[in-house]
Amino acid sequence: MTTSLTGTEERRAPAVHREVVRKRRGPRLTGWAYAAPTALFVLIFFVVPTVLVARMSVSDWNLFAGDRGYNAPENFTAAVQNRLFWPAVGFTVKYTLVTTVILLVLALGLALLVQESSRWSGFLRTAFLVPSALGLASASLLFYALYSPQSSPLGFLGISFLGTPAGALWSTVVLIVWRFAGFYMLLLLVGLQGISGDVYEAARLDGATRWQTFRYVTLPLLRSSLALCTILCVTGSMLAFDQFYLLTKGGPDNSTITIVQLVYNLAFQGANDLGRAAALSILILGALLVVNLVQFRGLRGREN
Amino acid sequence: MRHNRLSRAILAGLLMTTMAACGDGGAQGTAAPPAGAGVEGVDDGSKLTLWTRAPLESQAKALVEAYNATHKNQVELTIVPNDDYVAKVGAAAGSGDLPDLFAADIVYVPNWTKSGLFHDLTESIGQLSYADEINQGHVRAGTYEGRKYVLPFVLDLSVIFWNKALYREAGLDPEKGPATLDEFKEHALAVQKLGRTDVHGTYFGGNCGGCNVFTWFPMIWASGAEVMADDGGKSLLDGAAAQKVYRTWRDLRAAGAIAPGAKDETGATWVAAFQEGKVGVMPYPATLLQTAAKTVDVGVTAIPGASAGTGSTFVGGDGIGISKDSELTQQAWNFLSWLTSEAAQVEVLAKNDSSVARTDLVDNRYAVEDPRVVTINKTAAAPQSRTPVAVNFQQAFNAPGSPWVTLLRNQVYGDASSLATDNEALTSVLAQ
């Protein structure tokens, strides 16, 4: 037994050596090999489609009739001049602000609530996270039943959930908060648990109050987690579609049309104009790039 | 999570583009002319594909089963959810992948014939001995530049349904529906006066363009007026007859006689409350007679106008044609020829209480068993019944947030004085 073991080790040593040499010789090649699958996916599922959408956006392209030639910048001017364009932009921004603020504050509160191990924390964590296991479309249908006067168990409240612009907005916000609060709580919880207990102990020794500890210890150390949540939440809200498509169809009176819904309407609901829809998609892509760039900048600036 | 949506949307765009690129050749040139094989086409055991939308599922299934049982050709049916149908047909049209046969909401047909999605059936239809008896509303909607492309697949008519039990309770004659708009209002108010919390006078889709095209246009036609002029390029929905319709609904709303939820109703559940016995009287799709009759004692009459007359209906439903991509046109014509025959119209459609699409078959042996079905069939052929034709119909009327939805919501719930402006917005979309 002993001899054979030693033998194996002796034989393995040169092999390890060879591998190290090979790694040194082609570190760039190996790096590219590791990155290749992702790069390929990005190429097929992002770069190529973007180029094609860009081409669509400068073409007279009808859903049924197909490509009828170059017409830039007509699609862009027509998309911006659409009677619903500015209302959709305004509503999308408003919705993004409302959901982001509410979701992050609530998620942080929930994370603080369940971070300590207590008898109930396991139950609470699960309860908060369960809605995230439900698809957004199913969740929207569930809430549609909850809000529809024909099936609602909340009829006794006498509220028209989807009948007024404000009602429709807040009813959708409630759905989104219910659906995503647990998910963002989880992200922040990971951040919270990454903060070492030593810093809290030091703060306690210095006589910091609860609020001071939260403001000057927890928040700064949680910055990167908060930034991640903000970016996810802002991007997700700016691209909101399913929930409004299912709950309100942009109503009442076009008060809840988001910009992505307008893209869908231009392409498939009447105008059937893929060119204009593509032009609008390109504008959204541009806006998203700018917003994310600003967020990353702000984040990096504060860290330095 | 959610941030994947844009890339998914872009991916969808990619798929459509690549498909469009592959489909440039098109198959229309190589397919045999449908009329070449005579009035019955070819029945040689070919596999045909047929698409339709979900609301017509039961009729489509019955028709396809009956055809497959009696023919060598076999039709494979695909049912597509209503809201996805236009997108699916659009993507397939771009890529040259349309099925042999596909049905289309008759109000979208003018746009689709103009886009060249169908084979020309003028000669084939001309060979049918009963060509002139086929529902002219559908045939007209499927005619573009003098060529005929579409036949009626399933008719969906709008009629007045009333709940006989509630009429009796409210002291109304349970055998007599409203003959004028004013009577409609009176009846609804009478049922409302019962004061039952779960029962209301009437209901409508207050946030649904398609529902009110289907149910309000006939009220205007029955009053002797038109809804559009210039071949669907101009809206006349600010006329006196239209205003009478709006006033009727506004009064009902003010009196609290419309069941709750109407204002938010996008059309998903606009037929549900009546089937639950919670509504006294309302305009309703005739195709649902069988379904509604299971739970409610239903009375049926034509949709009335301002003054008493024969009434009117919206001759809706779906037309069907052979797609530009079909290579089995003569086999596909075999299905269409059978579809319009007595065997299909009477022994399948009428047997299942659906409306027939031929005027000479209105009094068939199944219809006479139920006077309500005769009423429905006769209304379809009434002089005031119409299938409205406009190339931009979907965008102007059916699309969520369309100018028509804005107009009707202002008329019932909002500032009614905006009618002229709203009507101009409608015309500007129609005239595009």
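Mentor: Start with B:Asp230, which counts as exposed because it has 12 C-beta neighbours inside 10 Å. Keep in mind that this is a predicted model.

Trainee: Where does B:Asp230 sit?
Mentor: B:Asp230 is in the loop between β7 (228-229) and β8 (234-235) of chain B.

Trainee: And what is phi of B:Asp230?
Mentor: Phi of B:Asp230 is near 55 degrees, a positive value, and the residue is not a glycine. Most residues other than glycine have a negative phi.

Trainee: What about B:Asp353, what phi does that one have?
Mentor: B:Asp353 also has a positive phi, about 65 degrees, without being a glycine. Its loop runs between α14 (342-349) and α15 of chain B.

Trainee: Is B:Asp353 buried or exposed?
Mentor: B:Asp353 counts as buried, because 21 C-beta neighbours fall inside 10 Å. The cut-off for buried is 20 or more.

Trainee: Switching to chain A. How many helices and strands does chain A have?
Mentor: Chain A has 13 helices and 2 strands. Of its 304 residues, 32% count as buried.

Trainee: Which peptide bond is cis there?
Mentor: The bond joining A:Ala72 and A:Pro73 is cis, with omega about 0 degrees. A:Pro73 lies in the loop between β2 (66-70) and α3 (74-81) of chain A. Most peptide bonds are trans.

Trainee: Now helix packing. At what angle do α6 and α7 of chain A pack?
Mentor: Helix α6 (residues 136-147) of chain A packs on α7(A) at about 135 degrees, and the axes are 10 Å apart. That angle is why α6(A) is oblique to α7(A). 

Trainee: Is the crossing of α6(A) and α7(A) left-handed or right-handed?
Mentor: The crossing of α6(A) and α7(A) is right-handed.

Trainee: Which residues make the contact?
Mentor: From α6(A), A:Leu136, A:Ala139, A:Ser140, A:Phe143 and A:Tyr147 take part. From α7(A), the residues are A:Ser171, A:Leu175 and A:Arg179. By class, the contact of α6(A) with α7(A) has 5 nonpolar, 2 polar and 1 charged.

Trainee: The numbers in that list are spaced out. Why do residues three or four places apart point the same way?
Mentor: An α-helix has 3.6 residues a turn, so residues three or four places apart point the same way.

Trainee: How exposed is A:Val173?
Mentor: A:Val173 is partly exposed, because 17 other C-beta atoms lie within 10 Å.

Trainee: Is helix α12 of chain A mostly covered or mostly open?
Mentor: Helix α12 (residues 259-268) of chain A is mostly covered, with 9 of its 10 residues buried. Among them are A:Ile259, A:Leu262, A:Leu266 and A:Phe268. Just after α12(A), A:Gly270 takes a positive phi of about 115 degrees.

Trainee: Back to chain B. Which domains is chain B divided into?
Mentor: Domain 1 covers 29-156 + 316-380, and domain 2 covers 157-314 + 390-430. The C-alpha centres of these two domains of chain B lie 28 Å apart.

Trainee: Last one. How many residues go into the contact between chain A and chain B?
Mentor: Chain B gives 38 residues and chain A gives 42 residues. On the side of chain B, α1(B) gives the most, with 10 residues. By class, that side of chain B has 17 nonpolar, 16 polar and 5 charged residues.

Terms used: Residues numbered from 1 in each chain as written. Chains lettered and ligands numbered in written order. Predicted model: local features only at pLDDT ≥ 70, side-chain atom pairs only at ≥ 80, totals over all residues. Contact = placed C-beta atoms within 7 Å. Helix = DSSP H or I, 4+ residues; strand = E, 2+ residues; numbered from the N terminus. Nonpolar A, V, L, I, M, F, W, Y, C, P; charged D, E, K, R; others polar. Axes fitted to C-alpha atoms, helices over the stretch in contact; angles between N-to-C directions. Parallel < 35°, antiparallel > 145°, perpendicular 65-115°, else oblique. Left-handed = near helix turned anticlockwise from the far one by under 90°. Domains from an automatic or database assignment.
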